[in-house]
Amino acid sequence: MISDFLYDFYSKKASFPTKLAEYLISGLPLVINAQSDYIKTLVNSNKVGIVLEELQKGSYEAAVDKLLLLYKEPDIKLRCKNIAE
C-alpha cells in the first residue's frame, strides 16, 4: 500500500504533489488524507486511490478494504498512469 499524507509543513506541501505523481506514474493507487481539496477531488473523481477523512484505526481498516477492491480493478494501473501524465 502506498500512502502519503499532507501535513502543514512547507517542505511537505512542496514535495507532496511530486511524490503523488511518482506513485501514480508507477501504476500504484494512493492512500491520502483529506488535507488538500484539489488532490482529494482528483483522487476520488478518477478512482485512483482512497482518501482518509479521519486518521483513526477504523478509517485505516476501511481504507485497506477499499484499496484491496481497487487493486482488483483490471484498469487501475492504466488509470493511475493516465492521471499522472
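Is glutamate 53 buried or exposed? In this predicted model, glutamate 53 has a relative accessible area of 52% and is exposed (buried means under 20% relative accessible area, exposed over 50%, and partly exposed in between, for a 1.4 Å probe and protein chains only). Residues are numbered from 1 along each chain as its sequence is written, and side-chain values use heavy atoms, with hydrogens and water left out. Because the model is predicted, local features need pLDDT of at least 70 and side-chain atom pairs count only at pLDDT 80 or more, while totals for chains, interfaces and linings use all residues.

Side chains of opposite charge can pair when their charged atoms come close. A total of 4 salt bridges is present (a side-chain nitrogen of Lys or Arg within 4 Å of a carboxyl oxygen of Asp or Glu). One of them joins lysine 40 to glutamate 53, at 3.1 Å from N to O. This pair links distant parts of the chain, 13 residues apart: lysine 40 belongs to helix H2 (residues 37-46), and glutamate 53 to the loop between strand S3 (49-52) and helix H3 (57-72). Helices (H or I, at least four residues) and strands (E, at least two) are DSSP runs, numbered from the N terminus. Lysine 40 is partly exposed, at 22%.

Within helix H3, lysine 57 and glutamate 61 lie 4 residues apart, about one turn of the helix. Their side chains form a salt bridge of 4.0 Å, N to O. Lysine 57 is exposed at 64%, whereas glutamate 61 is partly exposed at 45%.

Arginine 79 pairs with aspartate 75 in a salt bridge, with 2.7 Å between the closest N and O atoms. Arginine 79 is buried, at 18%, and aspartate 75 is partly exposed, at 36%.
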